[in-house]
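Okay, thanks for coming, everyone.

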Amino acid sequence: MRILIAEDDAEAARYVMRGLQGEGHGVDHLAHGRDALAQAMTGDYDLLLLDRMLPGLDGLSILRAVRAAKLPVPVILLTAMGSVEDRVTGLRAGADDYMVKPFAFVELLARIDTISRRPSLRDEVLGLTVGDLTLDLLTREARREGQSIELQPREFLLLKHFMERPGRVQTRTILLETVWGLHFDPKTSVVETHISRLRAKIDKPFAKPYLTTLHGVGYVLQP
Amino acid sequence: MRFALSLSAVFVIATFAAGGLSWLFVSQELSRRLQTDVQSAAGALAGIAEAGDRTDLSEQITAQARAVRDGATLYAFVDGETGKITGSLQLAAPFEGAKQLSPDRDFPPPLSSGRPHEDPYLAYGIRTPLGWVIVAHDTQGIVETGEIMVRATGAATVAALILSLGLALVIARRTGARIGRMESVLDAIGNGNLARRIGDTGNDDLADLARRVDLMLDRLQRSIAAIRQVSTDVAHDLRAPLARLRMRLEPHALSPAVPGAIRAEIGQALEDIDGISATFDAILRLSRLESGTAEARSETVNLTALTQSVHDILEPAANDMGHSLMLDSGPGNVTVTGDQDLLMQALVNLVDNALRHCPPPARVTLSLREGPHGPTLAVTDDGPGIPAADRARVLDRFVRLDASRTVPGSGLGLSLVAAIARHHGARMSLTDNHPGLRVSLSFRQSAQDLTSG
């Protein structure tokens, strides 16, 4: 993917660029709002990462200009403004997603995955397989090493989310959003509880654990 | 309106008093003049008596008595020797000086237009060498003048009443409209619409007050804008370095090249960064809610569905902690107007508080009841509760009771719930659940009227 980053904090931009390049993306970085808008308008990009506060022209204005020009490029707003209203304003202006600093880089990756994957989700997928773990999306039954595993509804959603993204780290925030539909962190052990229940079903009885906790980062399902 | 009525009352009393006073003065003056008249008439007759001509005196009195046919003025000469009375005044006993005579009692009243005189007479008697000369004049004129004045005063009072009431109503209506405008502007300000001003262009005390309020609102708006700017700046200046710090550390927490123990340490550091940023978010959110600068999102929130989903989300966690979480909501759908995310946050905070602060196994109940004024959400537990003296204090920011020092938390949870309750016009109360704590949010609204209230 070709990605444009508009971010005036040079160091933050460098980290994001390095991380995205490490994932195989082509990344351009601009620190000035007007330059970023001019560059975005070329239509050469598959994704725009716009900081809301930029010298010259702020990220929200760039987003509005891009949408007014009917460019279909996905946009993720990066911001230090974390209030609910800011988030709503950003999404109303046409952002596909909204990330509040400080964010986990793996979360940015996960969100980029979600955005770039959207069209293919229409494909009829009946089952998922990761290692010797399989999930039937119709019967909602999981199997590992031939053993049937019964899942509660949330556990099913959680496992499905992980199995669609094997090897990709998922943060609490992402899980709260996709599995529970929560756009705020309730600061409770909701995620931990379900992860440990899921782990007890798909990992505990077997030799190799798939679902691992990465402290301070999130969780990953990996065979 | 009360002002208008009291103003009219003052007008009426003033008119009445003025009428009464002039009546008093006029009747006194008329009496004095009458007195002078009868005295001088008696004096003139006495002059004849002094001359010693008894016949002339009798003729004069008879003539004068005859000249006044309506009995308004009466004359009498009482012979000093014989006691015989000449003239129109048939006195029982002669006297000297001024005296008020009553018809019937002091003398037989003469007829006037066929009716006997009833009003008292003012009389004056002079003793002469021949006898007494007495002249009396009735006070009918004075009485009639008094009656005219009473009628005039009455008419003036009614006129004053009508005029003053009208005037007072006009003033009251105009003032009422201006005060109404002030109230609506202040209500709008209270609801966070800081741009509204009264803009009274009048030229009186009320306009003065309105201008002062407008000035104060200008200052308020500027300082709130400044607070907003500062919180945005602080947000930016604090979040940017936190973001750099997080990005600097994160790759090492994931790198297989880093030894596991160190990775765990870095992971802990990342969690701390997230904790700082979450506390910071909560403070900002709380400030915005408390200062009224948060934009109120008004949507119809289905509380029945909300309690259901909070229960579903938290029940597994509650069970894992050894607690049981009950849901107690009636049939049907109870709704309020408000912000769904905020209300959910409030409920989650309350249940989470109960779960964390009660030693397991505790029974925590999330309940929803429809009351006469609006729904009530409550979270009850059978844990240790909060001493009555501390119940108000726990709503303040960063307050953590000694008993809960060992439980993780920022001390912002209940403050946030309180702010969210206020934001929705709900009353939050902490009461004893015998045993345990009951925290309730009572909404005073039907589904439609959050924005107007």
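**A walk through the model**

So, chain A has eight helices and 11 strands. Bear in mind that what you're looking at is a predicted model. Of the 223 residues in chain A, 52% are buried. If you take the contacts in chain A with a separation of 6 or more, 56% of them are between residues 24 or more positions apart. And the surface? For chain A the accessible area is about 9,600 Å², with 52% of that belonging to carbon and sulfur atoms.

Let's start with helix α1 of chain A, residues 10–22. From first C-alpha to last, those 13 residues reach 18 Å, close to the 18 Å expected. Have a look at how the helix begins: a side-chain oxygen of A:D9 comes to within 3.2 Å of the backbone nitrogen of A:E11. Just past the other end, A:G24 has a positive phi of about 90 degrees.

Which residues of α1(A) are buried? That list is A:A12, A:A13, A:Y15, A:V16, A:M17, A:G19 and A:L20.

Next up, A:D51. UniProt, in an unreviewed entry, lists A:D51 as a modified residue, 4-aspartylphosphate. In the model, A:D51 sits in strand β3 of chain A, residues 47–51. Is A:D51 buried or exposed? A:D51 has a relative accessible area of 2%, so it counts as buried, the cut-off being under 20%. Leaving out residues up to four places away in sequence, A:D51 touches A:A6, A:E7, A:D8, A:G59, A:L78, A:T79 and A:K101.

Now over to chain B. B:H311 is in helix α6, residues 303–320, and B:H311 is buried too, at 10% relative accessibility. Where does that side chain go? The side chain of B:H311 reaches the backbone oxygen of B:L325, at 2.9 Å. Beyond its neighbours within four places in sequence, B:H311 contacts B:L325, B:M326, B:L327 and B:L366.

Last one: B:Q345, in helix α7 of chain B, residues 340–357. B:Q345 has a relative accessible area of 7%, so that's another buried residue. And what does B:Q345 touch? Not counting residues up to four places away in sequence, you get A:F184 and A:D185 from chain A, plus B:R285, B:L416 and B:I420 from chain B.

Okay, that's my tour. Over to you.

Notes:
Residues numbered from 1 in each chain as written. Chains lettered and ligands numbered in written order. Predicted model: local features only at pLDDT ≥ 70, side-chain atom pairs only at ≥ 80, totals over all residues. Heavy atoms only, no water. Helix = DSSP H or I, 4+ residues; strand = E, 2+ residues; numbered from the N terminus. Buried < 20%, exposed > 50% of the residue type's maximum accessible area, 1.4 Å probe, protein only. Contact = heavy atoms within 4.5 Å. Expected span 1.5 Å × (residues − 1). Polar contact = N/O pair within 3.5 Å; in protein donor to acceptor, adjacent residues only side chain to side chain. UniProt positions renumbered as here; feature names shortened; annotations may be inferred. Areas by Shrake-Rupley, 256 points an atom, 1.4 Å probe, with all protein chains shown as cover.
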